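Please keep the view open while you read.

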Amino acid sequence: MGEVVEKVTTKNNDTQYIETFTNSAELGIMSQREYFDHDVSNIENISGYYIVENDAFVYNPRISTSAPVGPMK
């Protein structure tokens with residue numbers, strides 16, 4: 001994939017964003033709070049999250065039955 005796409009490396013270092021999202025194979029991109037029914041991110045770890053810009057796509061290499069190569073949205 002590295003020949004056709006560029007990996008985002010910009011992280012939320014300055015805590016510009018406080019809402020985090022997850023890439024679910026079944027439900028698409030959605031709030032982590034709604035998907036997991038609790039807060040996964042918090043003020044101590046939110047700077048480690050990548051910032052996804054408009055018109056980008058999200059790929060997660062997590063393999064599942066419904067996403068045998070990982071979900072991409």
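The points below go from the overall picture to a few residues.

1. A word on the source: this is a predicted model, in which local features need pLDDT of at least 70 and side-chain atom pairs count only at pLDDT 80 or more, while totals for chains, interfaces and linings use all residues. Residues are numbered from 1 along each chain as its sequence is written, and side-chain values use heavy atoms, with hydrogens and water left out.

2. Let us start with the fold. Helices (H or I, at least four residues) and strands (E, at least two) are DSSP runs, numbered from the N terminus. Along the principal axes, the C-alpha atoms fill a box of roughly 35 × 30 × 20 Å.

3. How much of the protein is buried? Of its 73 residues, 22% count as buried; buried means under 20% relative accessible area, exposed over 50%, and partly exposed in between (1.4 Å probe, protein chains only). Accessible areas come from the Shrake-Rupley method with a 1.4 Å probe, and for residues only the protein chains shown count as cover.

4. Contacts come next, where contact means heavy atoms within 4.5 Å. Among contacts with a separation of 6 or more, 53% are between residues 24 or more positions apart.

5. Now look at Q32, which sits in helix α1. Q32 counts as buried because its relative accessible area is 7%. Setting aside residues up to four places away in sequence, Q32 touches T20, F21, T22, D37, H38, V40, S41 and Y49.

6. Y50 lies in the segment after α1 and is partly exposed, at 42% relative accessibility. Its contacts, apart from neighbours within four places in sequence, are K7, V8, T9, T10 and K11. The C-alpha atoms of Y50 and N12 are 6.1 Å apart, although 38 residues separate the two along the chain.

7. F57, in the segment after α1 (32–36), is partly exposed with a relative accessible area of 39%. Together with M1, V4, V5, Y59 and M72, F57 forms a nonpolar patch of about 580 Å² of accessible area. Patches are made of residues with over 30% relative accessible area and no salt bridge, with like charges joined within 9 Å and nonpolar side chains (Val, Leu, Ile, Met, Phe, Trp, Tyr) within 5 Å. A salt bridge is a side-chain nitrogen of Lys or Arg within 4 Å of a carboxyl oxygen of Asp or Glu.
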